[in-house]
Amino acid sequence: MKNTPVKTVVAIGIGAALFFVLGRFVSIPSPVPNTSVTLQYAVAAIFAALFGPLAGFATAFIGHSLIDFTLYGPWWSWIIASGVFGLLSGLLMKKLDVESGEFGKKQILTFNVAQIISHLVCWGLVAPVLDIAIYSEPVEKVFAQGLMGGISNAVTTGIVGTLLLLAYSKTRTKKGSLSKG
């Protein structure tokens, strides 16, 4: 089934709400200051895989903005990095077709390589560089935060995202599985 603009907007709203709830209320503080182990990036990756790069970007950008606005105010470097994660994930996962009911080893590998690359770029490069450029944060601090965030996000996205996409794919009708009787 093709994504329509209305379907994409609805997906963004639902995805951003889920991202917000998971990021705001389901997090475990990490040993690195101002970082937590969370589940919301699995949601962003799933929505990016199912609805494309725009939905992935908006889900993560809006969701992260809501988290920050309800906690301590916007930290734009990480909000932007979250949006880039959703966008990049969606671009790298374009060939996934979970809607067709296919999510086997090859698709799981594609999903996980895409999300790991996206996390590496966002938390190893985008967020730290923007932290330095926007907020004049210390280099060692922001790269330690980025490393912690990137690793924990990649692990939680890999586990939770893979399991949820596996479950979702089982609800879809596989291509060619319907035949005339």
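Which hand does the crossing of H1 and H3 have? The crossing is right-handed. This is a predicted model.

**H1 against H3**
- The two helices pack at an angle of about 40 degrees, and their axes lie 8 Å apart.
- That angle makes H1 oblique to H3, because angles under 35 degrees count as roughly parallel and those from 65 to 115 as roughly perpendicular.
- On the H1 side, the contact is made by Thr 8, Ala 11, Ile 12, Gly 15, Ala 16, Phe 19, Phe 20, Gly 23 and Arg 24.
- H3 answers with a set of residues including Leu 54, Ala 58, Ile 62, His 64, Leu 66, Ile 67 and Leu 71.
- By type, the residues of this contact divide into 13 nonpolar, seven polar and one charged.

**Helix H4**
- H4 runs over residues 76-92 and has 17 residues.
- From first C-alpha to last, H4 reaches 24 Å, close to the 24 Å expected at 1.5 Å a residue.
- Buried residues of H4 include Trp 78, Ile 79, Phe 85 and Leu 88.

**Ser 89 in H4**
- Ser 89 sits in helix H4.
- Its relative accessible area is 0%, so Ser 89 is buried.
- Leaving aside residues up to four places away in sequence, Ser 89 touches Ala 48, Gln 115 and Ser 118.

**Positive phi in two loops**
- Most residues other than glycine have a negative phi.
- Asn 34 is not a glycine, yet its phi is positive, near 60 degrees.
- Asn 34 lies in the loop between strand E1 (27-29) and strand E2 (36-38).
- With a relative accessible area of 68%, Asn 34 is exposed.
- Ser 136 also has a positive phi without being a glycine, at about 55 degrees.
- The loop between H5 and H6 holds Ser 136.
- Ser 136 counts as exposed because its relative accessibility is 62%, and the cut-off for exposed is over 50%.

Technical notes
Residues are numbered from 1 along each chain as its sequence is written. This is a predicted model: local features need pLDDT of at least 70, side-chain atom pairs count only at pLDDT 80 or more; totals for chains, interfaces and linings use all residues. Side-chain values use heavy atoms; hydrogens and water are left out. Helices (H or I, at least four residues) and strands (E, at least two) are DSSP runs, numbered from the N terminus. The expected span of a helix is 1.5 Å times one less than its number of residues. Buried means under 20% relative accessible area, exposed over 50%, partly exposed in between (1.4 Å probe, protein chains only). Axes are lines fitted to C-alpha atoms, for helices over the stretch in contact, and angles run from 0 to 180 degrees between N-to-C directions. Angles under 35 degrees count as roughly parallel, over 145 as roughly antiparallel, 65 to 115 as roughly perpendicular and the rest as oblique. A crossing is left-handed if the near helix is turned anticlockwise from the far one by less than a right angle, and right-handed if clockwise. Contact means heavy atoms within 4.5 Å. Ala, Val, Leu, Ile, Met, Phe, Trp, Tyr, Cys and Pro count as nonpolar, Asp, Glu, Lys and Arg as charged, and the others, Gly among them, as polar.
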